[in-house]
Amino acid sequence: MIKVFLLNFIRQMDFFQVMILIRDYLKKLDLKALKLELQGTEFETRLQAFDNSLKDSRKTGKTKRLHELDDLRDEMVQGLYGHVKSQLNFPVPEVAKSAQDLWFILEKHGTKIYDLPVREESGTLVQLLQELNTPQSLINLQTTTSTAWKEGLEDYSKQYDDLYSDRTAVEANYEVGRAKAERVKTQAAFTDLCEQLNALARVNGAEPYKELADFINRAVDAARITADQRSTVAKNNADKASGTTAQK
């Protein structure tokens, strides 16, 4: 059985590499015999469109940095959401109450901001950060030790918006948005493939699907380890930046 197949937690190019590994492995299998031919074909079609969008985005000089900043702000918003959510039932009532107040704000703006088209994501993050910068929210962030996540998100969002404000980056922004949209479609096709595999394994027995499921699980686990390592580094950098700002 495939354990995890929603890969919003990994960066764009890491996601692409995992998908390529899985596509290449699928080519070695008899998908018709496994009754996965329809899902496999759709997955490959969507992945090819995603690949094409990435190639097109690289033709514009500023897309590389925009991709990087989009990945970084996505990591910060996911880290913030995860950190706050983990404290909703914290044993210290003051911390739990602050987390609940913050979670109300976060949920209001949507828990999958990173899946929005880039311009809509930018606008949503502006509104979210405005609410997180009110006096009470700043206290809640401090109480839940979430300030570094907010400040990291603020920093990377500003860098992204500043780069986009350069008129020569408009085309690059469009290409980044196109690639992001194709990633969402590729993820949907991959999800359908995994859900079909899991359903067939339950009905027909796991053995015919074990080899493929194990490969996908290993690929996803490796990507998760990389994402966790990057998240730790990003959090540490945000903590350092927060400490430096406080000293000033």
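1. Let me start with the nonpolar core, meaning a set of buried Ala, Val, Leu, Ile, Met, Phe, Trp, Tyr and Cys residues joined through side-chain atoms within 4.5 Å. The largest one has 36 residues, and Leu7, Val18, Met19, Ile22, Leu36, Phe43 and Phe190 touch the most other members. At least two residues of this core come from each of helix 1 (12–26), helix 2 (31–34), helix 3 (37–57), helix 9 and helix 10. Helix 10 gives the most, with nine residues. Another core, of 29 residues, lies apart from it and includes Leu80, Leu102, Ile105 and Leu125. Buried here means under 20% relative accessible area, exposed over 50%, and partly exposed in between (1.4 Å probe, protein chains only). As general background, nonpolar side chains tend to be buried together in soluble globular proteins.

2. A word on the ground rules. This is a predicted model, in which local features need pLDDT of at least 70 and side-chain atom pairs count only at pLDDT 80 or more, while totals for chains, interfaces and linings use all residues. Residues are numbered from 1 along each chain as its sequence is written, and side-chain values use heavy atoms, with hydrogens and water left out.

3. Now the overall picture. The chain has ten helices and zero strands, where helices (H or I, at least four residues) and strands (E, at least two) are DSSP runs numbered from the N terminus. Of its 248 residues, 48% count as buried. The chain exposes about 13000 Å², with carbon and sulfur atoms supplying 54% of that; the areas come from the Shrake-Rupley method with a 1.4 Å probe, and for residues only the protein chains shown count as cover. Among contacts (heavy atoms within 4.5 Å) with a separation of 6 or more, residues 24 or more positions apart account for 80%.

4. Setting aside residues up to four places away in sequence, Asn217 touches Met1, Ile2, Lys3 and Val4. Val18, with its neighbours within four places left out, is in contact with Leu7, Ile10, Ala219 and Ala223.

5. Tyr25 and Phe215 are a stacked pair, 4.0 Å centre to centre with 10° between the planes. Tyr25 lies in helix 1 and Phe215 in helix 10, so the pair ties together parts that are 190 residues apart in sequence. Tyr25 is buried at 12% relative accessible area, and Phe215 is buried at 18%. Phe15, Phe16 and Phe50 form one aromatic cluster.

6. The charged end of Arg183 is over the ring of Phe15, 4.4 Å from its centre. Arg73 lies over the face of Tyr160, at 4.0 Å from the ring centre.

7. Val176 counts as buried, at 0% relative accessibility. The C-alpha atoms of Val176 and His67 are separated by 6.4 Å, although these residues are 109 apart along the chain.

8. Ser137, Asn140, Leu141 and Thr143 are buried. They cover an arc of only 165° around the axis, which puts them on the same side of helix 7; the arc is that of the directions from the helix axis to the C-beta atoms. On the other side, Pro135 and Gln142 are exposed.

9. Finally, two backbone angles to check by eye. Most residues other than glycine have a negative phi. Thr145, in the loop between helix 7 and helix 8 (147–165), has a positive phi of about 50° and is exposed, at 51% relative accessible area. Lys35, in the loop between helix 2 and helix 3, has a positive phi near 65° and is exposed at 53%.

Terms used. Rings of Phe, Tyr and Trp (its six-membered ring) pair if their centres lie within 6.5 Å; planes under 30 degrees apart count as stacked, over 60 as edge-to-face and the rest as tilted. A charge sits over a ring if NZ of Lys or CZ of Arg is within 6 Å of the ring centre and within 35 degrees of the ring normal.
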